[in-house]
Amino acid sequence: MREAMPDTLSFDDFIAACQRPLRRSLRVNTLKISVTDFLEQVAPYGWQLTPIPWCPEGFWIERDNEDELPLGSTAEHLSGLFYIQEASSMLPVAALFADGNAPQRVMDMAAAPGSKTTQMAARMENLGAILANEYSASRVKVLHANLSRCGASNVALTHFDGRVFGAALPESFDAILLDAPCSGEGVVRKDPDALRNWSPASNQEIAATQRALIESTIHALRPGGVLVYSTCTLNRDENHQVLRWLLERYPDAVEVEPLGDLFPGAGRALTPEGWLHVFPQIFDCEGFFVARLRKTAALDPLPAPDFRVGKFPFTPLRGKPLSEVENAAARVGLVWDDRLQLWERDKELWLFPTEMVPLFGKVRFSRCGLRLAERHTKGYRWQHEAIVALASGHAANAFALTAEQAEEWFRGRDIFPDTLPPDGDVIVTFQNQPLGLAKRVGSRLKNSYPRELVRNGRLFSAAGQNKNPTI
(Lines give C-alpha, C1' and ligand atoms only; values in the text may rest on other atoms or scores of the structure.)
Protein backbone atom coordinates (compact mmCIF):
# COMPACT_ATOMS: atom_id res chain seq x y z
CA MET A 1 0.00 0.00 0.00
CA ARG A 2 2.91 2.35 0.65
CA GLU A 3 4.04 1.77 -2.95
CA ALA A 4 0.53 2.22 -4.36
CA MET A 5 -0.23 5.39 -2.40
CA PRO A 6 0.72 8.81 -3.80
CA ASP A 7 3.10 10.96 -1.79
CA THR A 8 0.30 13.40 -1.00
CA LEU A 9 -1.40 10.83 1.26
CA SER A 10 -0.32 9.63 4.69
CA PHE A 11 0.15 5.91 5.26
CA ASP A 12 -0.74 6.39 8.94
CA ASP A 13 -4.02 8.01 7.89
CA PHE A 14 -4.67 4.99 5.67
CA ILE A 15 -4.17 2.54 8.55
CA ALA A 16 -6.36 4.65 10.85
CA ALA A 17 -9.14 4.83 8.24
CA CYS A 18 -9.07 1.06 7.71
CA GLN A 19 -9.58 0.53 11.44
CA ARG A 20 -12.64 2.80 11.68
CA PRO A 21 -16.12 1.28 11.22
CA LEU A 22 -17.47 1.86 7.73
CA ARG A 23 -20.06 4.61 7.42
CA ARG A 24 -23.42 3.22 6.33
CA SER A 25 -25.03 4.64 3.23
CA LEU A 26 -28.07 4.25 1.03
CA ARG A 27 -29.26 5.26 -2.42
CA VAL A 28 -32.81 6.44 -3.07
CA ASN A 29 -34.46 4.39 -5.83
CA THR A 30 -35.85 7.06 -8.13
CA LEU A 31 -37.73 4.44 -10.16
CA LYS A 32 -40.21 4.48 -7.28
CA ILE A 33 -39.86 7.79 -5.46
CA SER A 34 -38.15 11.15 -5.88
CA VAL A 35 -35.36 12.15 -3.53
CA THR A 36 -37.48 15.03 -2.20
CA ASP A 37 -40.45 12.79 -1.43
CA PHE A 38 -38.20 10.16 0.14
CA LEU A 39 -36.61 12.68 2.47
CA GLU A 40 -40.04 13.93 3.48
CA GLN A 41 -41.28 10.39 4.09
CA VAL A 42 -38.40 9.35 6.35
CA ALA A 43 -38.12 12.69 8.18
CA PRO A 44 -40.13 11.42 11.20
CA TYR A 45 -37.50 8.73 11.83
CA GLY A 46 -34.83 11.25 12.74
CA TRP A 47 -32.24 9.78 10.39
CA GLN A 48 -29.23 12.02 9.78
CA LEU A 49 -28.71 11.91 6.02
CA THR A 50 -25.58 13.50 4.54
CA PRO A 51 -25.45 13.84 0.74
CA ILE A 52 -22.79 11.83 -1.10
CA PRO A 53 -21.05 14.27 -3.48
CA TRP A 54 -20.89 11.97 -6.53
CA CYS A 55 -24.43 10.59 -6.37
CA PRO A 56 -27.44 12.94 -6.10
CA GLU A 57 -29.55 10.01 -4.84
CA GLY A 58 -26.95 8.80 -2.31
CA PHE A 59 -26.68 9.58 1.40
CA TRP A 60 -24.57 8.56 4.33
CA ILE A 61 -26.92 7.65 7.15
CA GLU A 62 -26.54 7.95 10.92
CA ARG A 63 -29.16 6.89 13.43
CA ASP A 64 -29.15 7.83 17.09
CA ASN A 65 -30.33 4.45 18.35
CA GLU A 66 -27.95 1.62 17.49
CA ASP A 67 -30.64 -0.90 18.49
CA GLU A 68 -33.04 0.60 15.98
CA LEU A 69 -34.72 -1.59 13.38
CA PRO A 70 -32.19 -2.79 10.75
CA LEU A 71 -32.41 -0.75 7.56
CA GLY A 72 -33.19 -3.88 5.57
CA SER A 73 -36.32 -4.46 7.67
CA THR A 74 -37.83 -1.03 7.19
CA ALA A 75 -40.95 -0.67 5.07
CA GLU A 76 -39.12 1.66 2.68
CA HIS A 77 -36.44 -0.93 1.96
CA LEU A 78 -38.85 -3.85 1.60
CA SER A 79 -40.93 -1.91 -0.92
CA GLY A 80 -37.85 -0.87 -2.91
CA LEU A 81 -37.67 2.83 -2.10
CA PHE A 82 -33.96 2.64 -1.34
CA TYR A 83 -30.97 0.36 -1.80
CA ILE A 84 -28.36 -0.17 0.93
CA GLN A 85 -25.19 0.58 -1.02
CA GLU A 86 -21.69 1.59 0.02
CA ALA A 87 -20.91 5.14 -1.03
CA SER A 88 -17.80 4.50 -3.13
CA SER A 89 -19.59 1.76 -5.08
CA MET A 90 -21.88 4.49 -6.45
CA LEU A 91 -18.88 6.05 -8.22
CA PRO A 92 -18.70 3.72 -11.28
CA VAL A 93 -22.24 4.47 -12.42
CA ALA A 94 -21.68 8.18 -11.81
CA ALA A 95 -18.65 7.91 -14.11
CA LEU A 96 -20.59 5.94 -16.73
CA PHE A 97 -23.21 8.72 -17.01
CA ALA A 98 -20.75 11.59 -16.54
CA ASP A 99 -21.51 13.24 -19.88
CA GLY A 100 -25.26 13.36 -19.25
CA ASN A 101 -26.09 11.20 -22.26
CA ALA A 102 -28.58 8.35 -22.00
CA PRO A 103 -27.18 5.17 -23.61
CA GLN A 104 -29.77 2.86 -25.13
CA ARG A 105 -28.03 -0.47 -24.59
CA VAL A 106 -25.77 -1.03 -21.61
CA MET A 107 -23.93 -4.01 -20.15
CA ASP A 108 -23.06 -4.62 -16.50
CA MET A 109 -20.51 -7.39 -16.94
CA ALA A 110 -20.28 -8.49 -13.28
CA ALA A 111 -23.65 -7.47 -11.92
CA ALA A 112 -24.55 -9.28 -8.68
CA PRO A 113 -25.89 -8.40 -6.20
CA GLY A 114 -27.40 -5.59 -8.29
CA SER A 115 -26.47 -2.32 -6.62
CA LYS A 116 -24.95 -0.83 -9.77
CA THR A 117 -27.47 -2.46 -12.13
CA THR A 118 -30.39 -0.94 -10.26
CA GLN A 119 -28.53 2.39 -10.09
CA MET A 120 -28.13 2.30 -13.87
CA ALA A 121 -31.79 1.36 -14.41
CA ALA A 122 -32.82 4.35 -12.31
CA ARG A 123 -30.50 6.71 -14.20
CA MET A 124 -31.97 5.38 -17.47
CA GLU A 125 -35.54 5.68 -16.08
CA ASN A 126 -36.12 2.09 -17.27
CA LEU A 127 -35.55 3.22 -20.87
CA GLY A 128 -33.37 1.25 -23.26
CA ALA A 129 -31.98 -2.01 -21.92
CA ILE A 130 -29.31 -3.36 -19.59
CA LEU A 131 -27.68 -6.74 -20.01
CA ALA A 132 -26.70 -7.78 -16.48
CA ASN A 133 -24.25 -10.65 -16.48
CA GLU A 134 -23.16 -12.66 -13.47
CA TYR A 135 -20.61 -15.45 -13.57
CA SER A 136 -21.57 -17.01 -10.24
CA ALA A 137 -24.75 -19.06 -10.58
CA SER A 138 -25.49 -18.80 -6.85
CA ARG A 139 -25.65 -14.99 -7.09
CA VAL A 140 -28.03 -14.73 -10.07
CA LYS A 141 -31.04 -15.37 -7.81
CA VAL A 142 -30.04 -12.54 -5.46
CA LEU A 143 -29.49 -10.26 -8.45
CA HIS A 144 -32.98 -10.97 -9.77
CA ALA A 145 -34.56 -10.42 -6.34
CA ASN A 146 -32.99 -6.97 -6.04
CA LEU A 147 -34.01 -6.01 -9.57
CA SER A 148 -37.57 -7.08 -8.83
CA ARG A 149 -37.74 -5.22 -5.50
CA CYS A 150 -36.53 -2.02 -7.15
CA GLY A 151 -38.93 -2.27 -10.10
CA ALA A 152 -36.22 -2.45 -12.79
CA SER A 153 -38.01 -3.56 -15.97
CA ASN A 154 -35.35 -2.95 -18.63
CA VAL A 155 -32.87 -5.63 -17.54
CA ALA A 156 -31.95 -8.97 -19.11
CA LEU A 157 -29.89 -11.47 -17.11
CA THR A 158 -27.14 -13.72 -18.42
CA HIS A 159 -24.84 -16.19 -16.68
CA PHE A 160 -21.51 -16.38 -18.52
CA ASP A 161 -17.82 -15.95 -18.10
CA GLY A 162 -17.55 -12.32 -19.26
CA ARG A 163 -14.75 -13.25 -21.65
CA VAL A 164 -17.33 -14.53 -24.18
CA PHE A 165 -19.06 -11.22 -24.90
CA GLY A 166 -16.42 -9.64 -27.11
CA ALA A 167 -16.78 -12.54 -29.55
CA ALA A 168 -20.49 -13.28 -29.06
CA LEU A 169 -21.80 -9.69 -29.13
CA PRO A 170 -19.21 -7.64 -31.01
CA GLU A 171 -19.70 -3.86 -30.88
CA SER A 172 -23.25 -4.18 -29.55
CA PHE A 173 -23.32 -1.80 -26.54
CA ASP A 174 -23.33 1.97 -26.11
CA ALA A 175 -21.83 1.73 -22.61
CA ILE A 176 -20.33 -1.02 -20.48
CA LEU A 177 -19.50 -1.18 -16.78
CA LEU A 178 -16.80 -3.67 -15.87
CA ASP A 179 -16.69 -3.73 -12.08
CA ALA A 180 -14.02 -6.38 -12.22
CA PRO A 181 -13.40 -9.23 -9.79
CA CYS A 182 -10.46 -8.18 -7.64
CA SER A 183 -8.45 -8.82 -4.48
CA GLY A 184 -10.73 -6.60 -2.39
CA GLU A 185 -8.06 -4.55 -0.65
CA GLY A 186 -10.45 -1.64 -0.32
CA VAL A 187 -13.15 -3.41 1.69
CA VAL A 188 -11.35 -4.17 4.97
CA ARG A 189 -13.52 -1.66 6.85
CA LYS A 190 -16.57 -3.77 6.00
CA ASP A 191 -14.87 -7.17 6.09
CA PRO A 192 -11.83 -7.53 8.40
CA ASP A 193 -11.13 -10.94 6.84
CA ALA A 194 -11.05 -9.60 3.27
CA LEU A 195 -7.28 -9.98 3.00
CA ARG A 196 -6.92 -13.29 4.82
CA ASN A 197 -5.74 -15.02 1.62
CA TRP A 198 -4.01 -12.01 0.07
CA SER A 199 -0.68 -12.44 -1.71
CA PRO A 200 1.25 -10.64 -4.47
CA ALA A 201 0.99 -13.79 -6.60
CA SER A 202 -2.79 -13.76 -6.22
CA ASN A 203 -2.89 -10.13 -7.37
CA GLN A 204 -1.04 -11.12 -10.54
CA GLU A 205 -3.43 -14.01 -11.22
CA ILE A 206 -6.43 -11.75 -10.76
CA ALA A 207 -4.90 -9.10 -13.03
CA ALA A 208 -4.57 -11.69 -15.80
CA THR A 209 -8.31 -12.38 -15.56
CA GLN A 210 -9.02 -8.65 -15.54
CA ARG A 211 -7.00 -8.16 -18.74
CA ALA A 212 -9.02 -10.88 -20.47
CA LEU A 213 -12.29 -9.33 -19.29
CA ILE A 214 -11.41 -5.79 -20.31
CA GLU A 215 -10.33 -6.97 -23.76
CA SER A 216 -13.66 -8.75 -24.18
CA THR A 217 -15.39 -5.59 -23.00
CA ILE A 218 -13.70 -3.28 -25.50
CA HIS A 219 -14.69 -5.61 -28.35
CA ALA A 220 -18.33 -5.68 -27.17
CA LEU A 221 -18.44 -1.86 -27.08
CA ARG A 222 -19.57 0.16 -30.09
CA PRO A 223 -17.21 2.77 -31.56
CA GLY A 224 -17.94 5.97 -29.67
CA GLY A 225 -19.13 4.03 -26.65
CA VAL A 226 -17.97 4.41 -23.05
CA LEU A 227 -16.30 1.83 -20.83
CA VAL A 228 -15.97 2.29 -17.09
CA TYR A 229 -13.47 0.00 -15.41
CA SER A 230 -13.63 -0.23 -11.62
CA THR A 231 -12.44 -2.36 -8.73
CA CYS A 232 -12.70 -2.28 -4.95
CA THR A 233 -8.97 -2.88 -4.63
CA LEU A 234 -6.02 -0.50 -4.41
CA ASN A 235 -2.88 -2.09 -5.85
CA ARG A 236 -1.58 -0.86 -9.19
CA ASP A 237 -1.31 -4.33 -10.76
CA GLU A 238 -5.10 -4.69 -10.85
CA ASN A 239 -5.81 -1.07 -11.71
CA HIS A 240 -3.23 1.12 -13.44
CA GLN A 241 -1.37 -1.73 -15.10
CA VAL A 242 -4.52 -3.36 -16.49
CA LEU A 243 -5.53 -0.09 -18.12
CA ARG A 244 -2.05 0.61 -19.45
CA TRP A 245 -2.04 -2.85 -20.99
CA LEU A 246 -5.31 -2.11 -22.78
CA LEU A 247 -4.16 1.33 -23.98
CA GLU A 248 -0.90 -0.11 -25.31
CA ARG A 249 -2.72 -2.98 -27.03
CA TYR A 250 -5.28 -0.72 -28.76
CA PRO A 251 -3.60 2.71 -28.94
CA ASP A 252 -5.67 3.89 -31.91
CA ALA A 253 -9.04 2.71 -30.58
CA VAL A 254 -9.15 3.63 -26.87
CA GLU A 255 -8.63 6.89 -25.05
CA VAL A 256 -8.95 8.05 -21.44
CA GLU A 257 -11.63 10.52 -20.38
CA PRO A 258 -10.41 12.17 -17.15
CA LEU A 259 -12.72 12.18 -14.13
CA GLY A 260 -11.36 15.24 -12.32
CA ASP A 261 -14.62 17.15 -12.84
CA LEU A 262 -16.94 14.26 -11.93
CA PHE A 263 -17.88 15.94 -8.64
CA PRO A 264 -16.54 18.71 -6.37
CA GLY A 265 -13.43 17.38 -4.65
CA ALA A 266 -12.74 14.59 -7.16
CA GLY A 267 -9.26 16.01 -7.68
CA ARG A 268 -8.24 14.72 -4.25
CA ALA A 269 -8.33 11.16 -5.67
CA LEU A 270 -7.26 11.93 -9.25
CA THR A 271 -4.24 10.18 -10.76
CA PRO A 272 -2.04 11.85 -13.40
CA GLU A 273 -3.82 9.70 -15.99
CA GLY A 274 -7.25 11.04 -15.02
CA TRP A 275 -8.43 8.00 -13.04
CA LEU A 276 -9.87 8.03 -9.51
CA HIS A 277 -7.72 6.09 -7.03
CA VAL A 278 -9.88 6.37 -3.91
CA PHE A 279 -8.02 5.44 -0.75
CA PRO A 280 -10.39 5.07 2.24
CA GLN A 281 -9.07 8.11 4.12
CA ILE A 282 -9.84 10.53 1.26
CA PHE A 283 -13.65 10.47 1.47
CA ASP A 284 -14.02 8.26 4.57
CA CYS A 285 -15.46 5.35 2.58
CA GLU A 286 -14.29 2.05 1.09
CA GLY A 287 -11.25 2.00 -1.15
CA PHE A 288 -12.10 2.04 -4.85
CA PHE A 289 -10.63 2.60 -8.31
CA VAL A 290 -12.58 4.03 -11.27
CA ALA A 291 -11.55 4.85 -14.84
CA ARG A 292 -13.59 6.04 -17.81
CA LEU A 293 -12.51 5.16 -21.36
CA ARG A 294 -13.94 5.93 -24.78
CA LYS A 295 -13.69 3.60 -27.79
CA THR A 296 -12.73 5.75 -30.74
CA ALA A 297 -12.55 3.23 -33.58
CA ALA A 298 -13.87 -0.17 -34.65
CA LEU A 299 -11.77 -3.27 -34.00
CA ASP A 300 -11.29 -6.41 -36.03
CA PRO A 301 -13.70 -9.07 -34.71
CA LEU A 302 -12.53 -11.83 -32.43
CA PRO A 303 -12.94 -15.49 -33.49
CA ALA A 304 -16.57 -16.59 -33.32
CA PRO A 305 -17.56 -18.30 -30.05
CA ASP A 306 -17.73 -22.09 -30.10
CA PHE A 307 -20.86 -22.47 -27.96
CA ARG A 308 -24.36 -23.14 -29.26
CA VAL A 309 -27.18 -20.87 -28.22
CA GLY A 310 -30.08 -22.90 -29.58
CA LYS A 311 -33.37 -21.63 -30.88
CA PHE A 312 -34.90 -18.75 -28.93
CA PRO A 313 -37.92 -20.38 -27.25
CA PHE A 314 -40.28 -17.36 -27.24
CA THR A 315 -42.45 -15.86 -29.96
CA PRO A 316 -43.84 -12.31 -30.04
CA LEU A 317 -47.55 -11.70 -29.55
CA ARG A 318 -49.30 -9.61 -32.17
CA GLY A 319 -52.79 -8.65 -33.25
CA LYS A 320 -55.78 -9.97 -31.31
CA PRO A 321 -53.80 -12.17 -28.85
CA LEU A 322 -51.70 -9.14 -27.92
CA SER A 323 -54.77 -6.94 -27.42
CA GLU A 324 -56.45 -9.57 -25.25
CA VAL A 325 -53.47 -9.71 -22.87
CA GLU A 326 -53.07 -5.93 -22.79
CA ASN A 327 -56.75 -5.43 -21.96
CA ALA A 328 -56.71 -8.09 -19.25
CA ALA A 329 -53.57 -6.60 -17.73
CA ALA A 330 -55.05 -3.10 -17.76
CA ARG A 331 -58.04 -4.35 -15.76
CA VAL A 332 -55.72 -5.25 -12.89
CA GLY A 333 -53.71 -2.03 -13.20
CA LEU A 334 -50.76 -3.21 -15.33
CA VAL A 335 -49.80 -1.01 -18.28
CA TRP A 336 -46.62 -0.56 -20.33
CA ASP A 337 -45.44 1.24 -23.46
CA ASP A 338 -43.40 0.31 -26.51
CA ARG A 339 -40.14 0.13 -24.58
CA LEU A 340 -41.36 -3.38 -23.66
CA GLN A 341 -42.57 -6.12 -26.02
CA LEU A 342 -44.86 -9.03 -25.13
CA TRP A 343 -43.56 -12.52 -25.94
CA GLU A 344 -44.92 -15.97 -25.12
CA ARG A 345 -43.58 -19.44 -24.39
CA ASP A 346 -46.14 -22.18 -23.76
CA LYS A 347 -48.31 -20.61 -21.03
CA GLU A 348 -45.77 -18.01 -19.95
CA LEU A 349 -46.10 -14.33 -20.91
CA TRP A 350 -43.03 -12.10 -20.68
CA LEU A 351 -42.28 -8.44 -21.32
CA PHE A 352 -38.88 -8.07 -22.96
CA PRO A 353 -36.96 -4.77 -23.35
CA THR A 354 -37.36 -3.74 -26.98
CA GLU A 355 -33.72 -2.68 -27.17
CA MET A 356 -32.61 -6.21 -26.22
CA VAL A 357 -34.56 -8.01 -28.98
CA PRO A 358 -31.74 -7.73 -31.60
CA LEU A 359 -29.52 -9.83 -29.31
CA PHE A 360 -31.93 -12.77 -29.12
CA GLY A 361 -30.32 -15.88 -30.58
CA LYS A 362 -26.78 -14.61 -30.01
CA VAL A 363 -26.46 -15.48 -26.31
CA ARG A 364 -28.60 -17.48 -23.92
CA PHE A 365 -30.53 -15.43 -21.37
CA SER A 366 -31.18 -16.61 -17.83
CA ARG A 367 -34.07 -14.18 -17.60
CA CYS A 368 -35.10 -11.28 -19.78
CA GLY A 369 -37.30 -8.39 -18.72
CA LEU A 370 -40.39 -9.12 -16.65
CA ARG A 371 -42.39 -12.28 -16.24
CA LEU A 372 -45.86 -10.84 -16.69
CA ALA A 373 -48.26 -13.76 -16.25
CA GLU A 374 -49.08 -17.42 -16.73
CA ARG A 375 -52.15 -18.46 -18.66
CA HIS A 376 -54.57 -20.80 -16.93
CA THR A 377 -58.09 -22.04 -17.52
CA LYS A 378 -59.72 -19.04 -15.82
CA GLY A 379 -57.55 -16.33 -17.31
CA TYR A 380 -54.12 -15.13 -16.17
CA ARG A 381 -52.01 -15.55 -13.06
CA TRP A 382 -50.19 -12.22 -12.78
CA GLN A 383 -46.63 -12.35 -11.47
CA HIS A 384 -45.28 -10.46 -8.49
CA GLU A 385 -42.34 -8.85 -10.32
CA ALA A 386 -44.70 -7.33 -12.90
CA ILE A 387 -46.96 -5.92 -10.17
CA VAL A 388 -44.03 -4.24 -8.41
CA ALA A 389 -42.61 -2.80 -11.64
CA LEU A 390 -45.76 -1.77 -13.52
CA ALA A 391 -48.60 -1.20 -11.05
CA SER A 392 -49.44 2.14 -9.47
CA GLY A 393 -50.28 2.73 -5.85
CA HIS A 394 -53.03 5.04 -7.10
CA ALA A 395 -54.69 2.50 -9.43
CA ALA A 396 -58.47 2.14 -9.30
CA ASN A 397 -58.13 -1.31 -7.70
CA ALA A 398 -55.45 -0.27 -5.19
CA PHE A 399 -56.15 -1.18 -1.56
CA ALA A 400 -54.08 0.54 1.15
CA LEU A 401 -52.85 -1.57 4.05
CA THR A 402 -52.09 -0.41 7.56
CA ALA A 403 -48.55 -0.87 8.86
CA GLU A 404 -49.59 -4.01 10.76
CA GLN A 405 -51.28 -5.45 7.67
CA ALA A 406 -48.28 -4.63 5.47
CA GLU A 407 -46.02 -6.44 7.92
CA GLU A 408 -48.31 -9.47 7.73
CA TRP A 409 -48.07 -9.28 3.93
CA PHE A 410 -44.27 -9.38 3.98
CA ARG A 411 -44.49 -12.37 6.31
CA GLY A 412 -46.53 -14.19 3.66
CA ARG A 413 -49.79 -14.20 5.62
CA ASP A 414 -53.31 -13.51 4.42
CA ILE A 415 -54.89 -10.17 5.32
CA PHE A 416 -58.21 -9.81 7.16
CA PRO A 417 -59.20 -6.15 6.73
CA ASP A 418 -62.11 -4.60 8.63
CA THR A 419 -63.47 -3.20 5.35
CA LEU A 420 -63.20 -5.47 2.35
CA PRO A 421 -62.50 -4.28 -1.21
CA PRO A 422 -64.76 -5.37 -4.09
CA ASP A 423 -64.41 -8.91 -5.42
CA GLY A 424 -61.56 -9.65 -7.80
CA ASP A 425 -57.88 -8.80 -7.91
CA VAL A 426 -56.63 -5.86 -5.87
CA ILE A 427 -53.20 -4.23 -5.73
CA VAL A 428 -52.29 -4.07 -2.05
CA THR A 429 -50.24 -0.97 -1.22
CA PHE A 430 -48.43 0.64 1.66
CA GLN A 431 -47.22 4.25 1.60
CA ASN A 432 -48.71 4.39 -1.94
CA GLN A 433 -46.28 1.69 -3.11
CA PRO A 434 -47.56 -1.57 -4.68
CA LEU A 435 -46.64 -4.61 -2.59
CA GLY A 436 -48.34 -7.27 -4.68
CA LEU A 437 -51.62 -8.60 -5.99
CA ALA A 438 -54.24 -10.12 -3.71
CA LYS A 439 -57.52 -11.82 -4.42
CA ARG A 440 -60.50 -11.49 -2.12
CA VAL A 441 -61.59 -14.89 -0.83
CA GLY A 442 -64.46 -14.58 1.62
CA SER A 443 -63.38 -12.30 4.45
CA ARG A 444 -59.68 -12.35 3.62
CA LEU A 445 -57.22 -11.15 1.02
CA LYS A 446 -55.21 -14.12 -0.19
CA ASN A 447 -51.48 -13.43 -0.06
CA SER A 448 -49.49 -13.94 -3.28
CA TYR A 449 -46.12 -12.71 -1.98
CA PRO A 450 -43.39 -15.07 -3.33
CA ARG A 451 -42.34 -17.58 -0.69
CA GLU A 452 -38.64 -17.00 -1.33
CA LEU A 453 -39.11 -13.32 -0.38
CA VAL A 454 -41.08 -13.91 2.83
CA ARG A 455 -39.47 -12.21 5.83
CA ASN A 456 -39.32 -13.35 9.43
CA GLY A 457 -37.97 -11.65 12.52
CA ARG A 458 -38.41 -8.04 13.52
CA LEU A 459 -40.07 -5.81 10.92
CA PHE A 460 -41.19 -2.19 10.72
CA SER A 461 -44.59 -2.39 12.41
CA ALA A 462 -43.17 -3.92 15.57
CA ALA A 463 -40.76 -1.00 15.79
CA GLY A 464 -43.60 1.48 15.72
CA GLN A 465 -42.67 2.93 12.32
CA ASN A 466 -45.06 4.16 9.68
CA LYS A 467 -48.36 3.73 11.48
CA ASN A 468 -50.00 5.96 8.90
CA PRO A 469 -50.16 4.37 5.43
CA THR A 470 -50.55 7.78 3.75
CA ILE A 471 -47.18 9.17 4.85
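Let's start with Q405 and its surroundings: setting aside neighbours within four places in sequence, Q405 touches A400, I415 and P417. Keep in mind as you look that this is a predicted model. You will find Q405 in helix α13. Is Q405 buried or exposed? Its relative accessible area is 17%, and because buried means under 20%, Q405 counts as buried. The side chain of Q405 also reaches the backbone nitrogen of T402, at 3.0 Å.

Now zoom out from that residue to its helix. Helix α13 covers residues 403-410 and packs on a sheet, where α13 touches β19, β20, β21 (433-441) and β22. The direction of α13 makes about 85° with that of β21.

What does that sheet look like? It is an open sheet of four strands in the order β19-β20-β21-β22, and its pairing is mixed. At the edges sit β19 (398-400) and β22 (444-446), each of which pairs on one side only. From one strand to the next, the twist averages 50°. Take a closer look at β19 and strand β20 (residues 425-430): these two run parallel and are joined by three bridges.

Next, let's visit another group of strands. Strand β15 (residues 348-353) pairs with strand β17 (residues 370-376) in the antiparallel sense, over four bridges. Here L349 has A373 in β17 as its bridge partner. Strand β17 also pairs with strand β18 (residues 379-382), again antiparallel and over four bridges. How many residues lie between β17 and β18 in their hairpin? There are two residues between these strands. Across this pairing, E374 has R381 in β18 as its bridge partner.

Our last stop is helix α6, which runs over residues 137-150. At 1.5 Å a residue, its 14 residues should span 20 Å. The C-alpha atoms at the ends of α6 are 21 Å apart, which agrees with that expectation. Which residues of α6 are buried? They are V140, L143, H144, N146, L147, S148, R149 and C150.

Terms used
Residues numbered from 1 in each chain as written. Predicted model: local features only at pLDDT ≥ 70, side-chain atom pairs only at ≥ 80, totals over all residues. Heavy atoms only, no water. Pairing = 2+ DSSP bridges. Axes fitted to C-alpha atoms, helices over the stretch in contact; angles between N-to-C directions. Contact = heavy atoms within 4.5 Å. Expected span 1.5 Å × (residues − 1). Buried < 20%, exposed > 50% of the residue type's maximum accessible area, 1.4 Å probe, protein only. Polar contact = N/O pair within 3.5 Å; in protein donor to acceptor, adjacent residues only side chain to side chain.
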